[in-house]
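Reader: I have a file open and would like to go through it piece by piece. Can you take my questions as they come?

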Amino acid sequence: MATGLLVLAGVLSIGWWLAKDPVDELVTTQPGLDNRGEHSVVADIDIGAYFETMGELNSELQETWPRFRGEYFDNMSRSKVALIDKFPAEGPNVKWRVELGEGHAGAAIYKGAVYLLDYDEELRADILRCFSLVDGEEIWERGYKINLKRNHGMSRTVPAVTEEHILTIGPRSHVMCVSRQDGEFIWGLNVEKEYESEIPLWYTGQCPLIDNGKAIIATGGRSLMVALDMESGEVLWETPNENGWLMSHSSVLPYEFQGIRMYVYSAYGGVFGVAADGPNAGEILWQTSAWNHQVVAPSPVCMPDGKVFLTAGYGAGAMILQLSKSGDQFSVEVINEYAPKEGLACEQQTPVVFNDHLLGILPKDAGPLRNQLVCVHPDDFTKVIWTSGQDKRFGLGPYMIADNKLFIVSDDGTLTVVTPSTREYIELDSYRVLEGHDSWGPLAIADGYLIMRDSKSMVCLDIAKSRQ
Amino acid sequence: MEEKDKGLSRRKFINDGVRLTLGLTVVGTGVFSLKRSASGKDYVWQIDPVKCTQCGRCATECVKSDSAVKCVHAYDLCGYCDLCGGYFKPGAKLQTGAENQLCPTAAIQRRFIEEPYFEYIIDEELCIGCAKCVKGCSAFGNGSLHLQIRHDLCLNCNQCAIATSCPSDAISRVPADKPYIIKGDFTSEEEG
C-alpha cells in the first residue's frame, strides 16, 4: 500500500515537473513598457509677434563678441583691453545683474549692447533681450509665445549678431531674424515644422551662424543643412539628408581647408562638411558616420592641417579625423578614437586651442582626472601635459581666453583666472561670483566687460585693469 | 553550637554576596541599555552617498543574499529625463527593451509622465545593490540615484562585511535615530 502511494506520488511529481513551464513567471522586458506616447503635434508659432521697447541705447563702445565662441570661433578675445589678474578682496566689480528664465543661453555683445535669447517664464515666451553693456538697462525685447516645460532649463543658445542683423534659435528650433538697430522683426522659420526636424533632448543647443549674408542652420530632418538669405529669409540652398541624420547640440563651424571653405557639423548620425561657396554651395564635400553618438554638445575643432577633433559626453570620449584633398575630392579617415579616461574629452563645452595645444575640462567619467582642466600634446591628444590637479576640479561650465588669461566658470558660479600655458597649470585667482547652480552658459567679453550666468541670473563684471 | 552559627553565617554571607553581584549586574546592564537607547547611542551601518564610488562590492560582499544594500531615488534631484544615464546603457536606444538597460535585473521601471518627462522607480525586490545605475546617474545626470543600507534587511553585524571591503570608506556607523543618509531635500527637512 505504502509503496503504491509512493509510486503514485512519484509519477504525479514527474508529471508536474514535465508540465511545468520553468520560466512562466518571468516577465520579458520589451520596448514600450514605459507607455511613451507619440510625439506631440508641432505647434504653429507666431515668431516675432511680441515686441516691447524700454529704453534707448547710447554707447560709443566698439568691441564685439558677436556669436558663439566669438568672432573667430575659437573662444579667444583679440581685445587689447588689459584685464585684471586678481580679484579685489570683496570680489570682482559686478556692474549689473539681471534675473533670467531658467536656462543656459549665452550672450552676444555688439558695440555696447548685450543680446540674449531668454525664456520668460511668466510670459511663457522666447524673448530676445537687448541690454546696455555698461549699466544693464534693458533696451527692447522681441519674441514669441511658446509653452515650454523646464527640461534642465529652457534657453541654451547664443545669438549671432552682425551690424545689420541678429539671428536666434529658440529651444524648439524657431529661428528669428531681427534688425540689430531697433529689434524690428524681419523673418522667422519654424525648423521643426518646415523641415520635419527632431528637437534634440533637452531642447535645441545649436547656436545659429551668419556667414556672408547667409543664415546657416543644420536642420536635420528633411534637409541636413540649409542656407537662408539674411535679408529675406529666402532659402538659398538645402543639403539633402539622405542618411536621415539628426540635429545635435553642436554648432556649425566654418572651416577653410586647402582653399575650400566649408561648414562642418557634428550631427547625430555622423559628421560632415558642406561647401560654403561657389556653384556647389550646399553640397556635401565629405562625411563619415564613424562619429555617431547619442548626445553631442561640443562643436568640432578643426585644425589647419586637416585634423578634426570631435568629442562628446555620455561615455563617447573623442575621435580625431584626418581630412585630405586630392584634386576636387575630399576624403576623411579616423586616425584615433579613445575613451574619456584615455585623453582629452569634453562633455559640454568645446576645447580651446592655445599655441597649438588643446585645453579642455574632462567629463565626470574620465577616471582620476575627472573634471580637471587638462592640456594635451598637439600631436597626441591622449598625452596629457598637465592637469589642474585633484584639488582643482571644474564642471560643465564655460571657459575662454582673453588678454592671455583663461577664464573658467565652475558649476557653482566660481570664476577662476588661469594663465594659459603649455607647460603647467598656473592659477591666478578664484572667486565665487554667482550663488546659483549649473553655470553653464557660454561667456562673452568686450571692452573689458565679462558677461557670465548661472541657471537663473546673468551678471556683467567690469574686469578692465584700467577701471579698477 | 557557636561554630555551626559561624559556618551558616559565612555561607549566607557568600550567597548573599553572589546574589547581590548578579542582581547589580543585571540591573546595571538593564539601566545601561535603557540609558543608551534613550540617549540615541545605538548605531547602525550606513553608506555616505557622497563618498561612494559605485565599485559594486555592496552587491557581492554583504553577508545577506540578496544584499541589504538597495538603490534609492531622490526624486527632488532627478531631471526626469528621456535619456537617463542611470537607466540606459551609453548609446542605447531610448526604449525599455532589456538590451538597452543598465540594470542587470531590470529593477528600474521607467514610466512616461508627459513630454518630456519620465519617472524612474526602483523595484527593491529586484535590486541587488550593484550600483551600475548609480554610476551612470552620477556620471551623466544629477546623481539622484544612490545606494543605502536598508535597515529592514540589514543584520547590523558587529563587523559589517561591506564596510570592511569598501574602498572609499563610505560605510560607517551612524546613530540609529538617523539611520539614512538620503540625498536631496528629504534629509534636510528631516534634520530641520
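Predicted model: local features only at pLDDT ≥ 70, side-chain atom pairs only at ≥ 80, totals over all residues.

Reader: Fine. How many helices and strands does chain B have?

Author: Chain B has 5 helices and 6 strands. In sequence order the pattern reads α-β-α-β-β-β-α-β-α-β-α.

Reader: And what share of chain B is buried?

Author: Of the 192 residues in chain B, 35% are buried.

Reader: What about contacts in chain B between residues at least 24 apart?

Author: Taking contacts in chain B between residues at least 6 apart in sequence, 73% join residues at least 24 apart.

Reader: Switching topic. How many residues of chain A are in contact with chain B?

Author: On chain A, 22 residues are in contact with 22 residues of chain B. The chain A side consists of 12 polar, 5 nonpolar and 5 charged residues.

Reader: Now the sheet with E24 to E27 in chain A. Parallel or antiparallel?

Author: The pairing is antiparallel, and the 4 strands form an open sheet in the order E24-E25-E26-E27.

Reader: Which are the edge strands?

Author: Strand E24 (352-354) and strand E27 (380-387) of chain A, each pairing on one side only. On average, neighbouring strands of this sheet are turned by 40° against each other, direction ignored.

Reader: What joins E24(A) to E25?

Author: There are 3 bridges between E24(A) and strand E25 (residues 357-361) of chain A, and the two run antiparallel. In one of the pairings, A:Val353 has A:Leu358 in E25(A) as its bridge partner.

Note on methods:
Residues numbered from 1 in each chain as written. Chains lettered and ligands numbered in written order. Buried ≥ 20, exposed ≤ 12 C-beta atoms within 10 Å, placed from the backbone. Contact = placed C-beta atoms within 7 Å. Nonpolar A, V, L, I, M, F, W, Y, C, P; charged D, E, K, R; others polar. Pairing = 2+ DSSP bridges. Axes fitted to C-alpha atoms, helices over the stretch in contact; angles between N-to-C directions.
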